[in-house]
Amino acid sequence: MVLLSKATTEQYSYIKNYMPTAFSSTIPVVDLSKPDAKTLIVKACEEFGFFKVINHGVPMETISQLESEAFKFFSMPLNEKEKVGPPKPYGYGSKKIGHNGDVGWVEYLLLNTNQEHNFSVYGKNAEKFRCLLNSYMSSVRKMACEILELMAEGLKIQQKNVFSKLLMDKESDSVFRVNHYPACPELVNGQNMIGFGEHTDPQIISLLRSNNTSGLQIFLRDGNWISVPPDHKSFFINVGDSLQVMTNGRFRSVKHRVLTNGFKSRLSMIYFGGPPLSEKIVPLSSLMKGKESLYKEFTWFEYKNLTYASRLADNRLGHFERIVAS
């Protein structure tokens, strides 16, 4: 990513009069090896839509090797990185997030988990990168399915794989994203530049892992933003919009954003677990128990298209909310 001049940085957004908060100690932590994991996961999804996972089973060696290769990629000259292809929607992108005017201090790789991508830019190491990527995505998808099955158990749903089967489907529309936030060249008048603007994730579940650089924040129901302490050995889990609908609003997708760091670069790797394009997203009947549905039925294909046509901060689910009589 090319460092930009002061004139160029005027196109970016800043948090006005923002005073960085201390790292929050309220982030729920779930140990996947403990028997109370399913109960803690449900509680975290209801209260935060977000939690941290430890003892996740993804080998640290796999994580570290992929991170190292990702840093190598982002350190290449811009013309080399662009050989991967523009993000339409998959490929390499810089600054522009989507096609509707959102920008951020970020460059990224966006990959579909079910198709091959052009990594010839790596030359003789292309196959090594591809193997590392596939190994990492396989491990993280396995963890995602384990978490989703624990969710189902915690919700007392008889069909344990009601969520996880959507990720295991060969037509699953899951996505892998690597974001690189270079150290910000300036902090204007004590303000923080936006690395990635506030948004919720549209899929079912997101699993994020980053290096030990701060920047991630989540939005609480009390109207406050809190900073998430970085932890390179753990994963952070986001409830997505689709899971919010499938639980009829019992779980809430979490609004989050990334602020730039003035001293260190940040690298995050995110697996977005999505259903097949034809999948109908609707509240599960087993969770309704006489309650009215809060959402109109839609397919993942319809919601994905709406996402691409929207700005990051838009309330996409608002298009499908029902007016329920009190």
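For the tour below, Ala, Val, Leu, Ile, Met, Phe, Trp, Tyr, Cys and Pro count as nonpolar, Asp, Glu, Lys and Arg as charged, and the others, Gly among them, as polar. The model is predicted: local features need pLDDT of at least 70 and side-chain atom pairs count only at pLDDT 80 or more, while totals for chains, interfaces and linings use all residues. Residues are numbered from 1 along each chain as its sequence is written, and side-chain values use heavy atoms, with hydrogens and water left out.

**Largest pocket**

Select Ile-97, Gly-98, Leu-110, Arg-177 and Phe-196, which are the closest to the centre of the largest pocket among its 43 lining residues. A pocket is an open set of points on a 1 Å grid over the protein atoms alone where a 1.4 Å probe fits, with protein on both sides within 12 Å along at least five of seven lines; lining residues have an atom within 4 Å of a point. The space in this largest pocket is about 870 Å³, a volume being the space filled by probe spheres set on the points, which are joined across faces, edges and corners. Its lining comprises 18 nonpolar, 15 polar and 10 charged residues.

**Second largest pocket**

Next, select Thr-200, Gln-244, Arg-252, Ser-253 and Lys-255, which lie nearest the centre of the second largest pocket, lined by 23 residues. This second largest pocket has a volume of about 470 Å³, and its lining divides into 9 nonpolar, 6 polar and 8 charged residues.

**Phe-50**

Proceed to Phe-50 in strand β3 (residues 50-54); strands (E, at least two residues) and helices (H or I, at least four) are DSSP runs, numbered from the N terminus. Phe-50 is buried, with a relative accessible area of 1%; buried means under 20%, exposed over 50% and partly exposed in between (1.4 Å probe, protein chains only). Beyond residues up to four places away in sequence, Phe-50 touches several residues, including Ile-27, Leu-216, Phe-236 and Val-254, where contact means heavy atoms within 4.5 Å.

**Nonpolar core**

Now display Phe-51, Ile-147, Met-151, Phe-163, Phe-176 and Leu-207, the residues with the most contacts inside the largest nonpolar core, which has 69 residues. Such a core is a set of buried Ala, Val, Leu, Ile, Met, Phe, Trp, Tyr and Cys residues joined through side-chain atoms within 4.5 Å. Helix α4 (residues 126-154) gives the most to this core, with 15 residues.

**Gln-159**

Finish at Gln-159, in the loop between α4 and α5 (164-168). Gln-159 is partly exposed, with a relative accessible area of 38%.
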